[in-house]
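The following note sets out numbered points for a colleague who wishes to inspect this model. Please read them with the structure open.

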Amino acid sequence: MDSISSLQNKLDSGRIIVMDGGTGTEISRRGVTIDPRGSWSANTNTEFPDMVRQIHIDYILAGAEIITTNTFSTSRATLANEGLSAQTEEINQKSVSLAIEAREHCDGAETVVIAGSMSAFEPKGHPEVTPSYEEALQDYREQVKILVESGIQLIALEMFSRTVDLKAAVQAATETGLPIWVGLSCENHDGQIYLGIAGRYAGETISDAVIASSSPNVKAFCIMHSPPKVTADALKELRNCTSLPMGAYAHGGSIDDERGITQNQEQGSQWEKYRRALGATDPEKYLEYVREWVRCGAIIVGGCCGTTPDHIRFLTTNNLK
Ligand SMILES: [Zn+2]
């Protein structure tokens, strides 16, 4: 049985699946400056390929059953933020190669699934810009085609907080025939859960996102890159909207801020700033959150920004129930 069929069997049987943790913030932790207003960690694929490969290897060695390509910000529209759009094909191809090489490097890792990450549409570093469905669709179609031809097995849509680009991404991903996991970012505003990131929200709900993700290829919904405290409530709401498997991979922080808005003005290295902004949840505390999400019905768990191979190892070596 191939690894993707085996993954679907695990989902169907309700077994807990552990994904990898953060990639961009891990690159930052290892000393490479990434540009949050540009293309995040996109150019690391070609400029520091050994580091990206090693991060994938470290997650596999920590026990992750899924590794995610460093393609969070590598669609043409996002690469254009740093004048890298001419390298769209090269950067996306390279990122998948690095994940494949990492898997080949690790003995017994044939069953590790390579997920191709695609994220919300943010042209020219302006997250407030709302794309048209058509321009987002064109952007995602190009990126997902390269990722699939390069060898990904699963499409991980990540950090979606608007239905317009989510719907376009689901459409583009569906056209490839691969399974899709939809990742939603959520926030709590006045006791209500909305789709949103860092205080930007437009009154759309998890239910709206599930409706926008209507496709036979969508196999799971994850609450991801959301404050850990919000994640549990979002899972409960998600459970009322879908019978598909659910997952959760929060970012590792903003513990005390349920809205997830962080002030990032402190001095220090970029990683130190992320670490403070994200709250630097240690692996033990993160495990407690993961256990709560599992109680809420999540069977896919992992980490997003600020989590490290140590966090993932803590999940794979402890009982999650
Ligand atoms: Zn994240």
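**Notes on the model**

1. Leucine 157 has contacts (heavy atoms within 4.5 Å) with Met118, Leu166, Ala169, Val170, Ile180, Trp181, Val182 and Gly183, once its neighbours within four places in sequence are set aside. Along with Leu184, Ile206 and Trp293, Leu157 touches the most other members of the largest nonpolar core, which has 96 residues. A nonpolar core here is a set of buried Ala, Val, Leu, Ile, Met, Phe, Trp, Tyr and Cys residues joined through side-chain atoms within 4.5 Å. Buried means under 20% relative accessible area, exposed over 50% and partly exposed in between, with a 1.4 Å probe and protein chains only.

2. On provenance, the model is predicted: local features need pLDDT of at least 70 and side-chain atom pairs count only at pLDDT 80 or more, whereas totals for chains, interfaces and linings use all residues. Residues are numbered from 1 along each chain as its sequence is written, and side-chain values use heavy atoms, with hydrogens and water left out.

3. Eight strands make up an open sheet with parallel pairing, in the order S1-S11-S10-S9-S5-S4-S3-S2. Its edge strands, S1 and S2, each pair on one side only. Helices (H or I, at least four residues) and strands (E, at least two) are DSSP runs numbered from the N terminus; two strands pair if DSSP finds at least two bridges between them.

4. How many residues of strand S9 (residues 218-224) are buried? Six of the seven are, so the strand is largely enclosed by the rest of the structure. S9 pairs in the parallel sense with strand S5 (residues 180-184) over five bridges. Tryptophan 181 stands opposite alanine 220 of S9, and leucine 184 has isoleucine 223 of S9 as its bridge partner.

5. S9 also pairs in the parallel sense with strand S10 (residues 246-249), over four bridges, and cysteine 222 stands opposite glycine 247 in S10. From S9 the chain crosses through helix H10 (residues 228-239) to S10, a right-handed β-α-β crossover. Right-handed means that, with the strands pointing away from the viewer, the path from the first strand over the helix to the second runs clockwise.

6. The zinc ion is coordinated by His225 (ND1), Cys304 (SG) and Cys305 (SG) at 2.1 to 2.2 Å. The spacing of these donor residues in sequence is H-x78-C-C. Cysteine 304 and cysteine 305 are both buried. Donors are N, O and S atoms within 2.8 Å of the metal (3.2 Å for Na, K and Ca); water is not among the atoms, so sites may look incomplete.

7. In helix H13 (residues 309-316), the buried residues are Pro309, His311, Ile312 and Leu315. Viewed down the axis of H13, they fall within an arc of 155° and so line one face of the helix; the arc is that of the directions from the helix axis to the C-beta atoms. They pack against strand S1 (17-18), helix H2 (24-29), helix H4 (49-61), helix H12 (283-295) and strand S11 (298-301).

8. Serine 73 lies in the loop between strand S2 (66-68) and helix H5 (76-79). Its relative accessibility is 8%, so serine 73 counts as buried. Apart from neighbours within four places in sequence, serine 73 is in contact with Ser39, Trp40, Ala42, Thr78 and Leu79.
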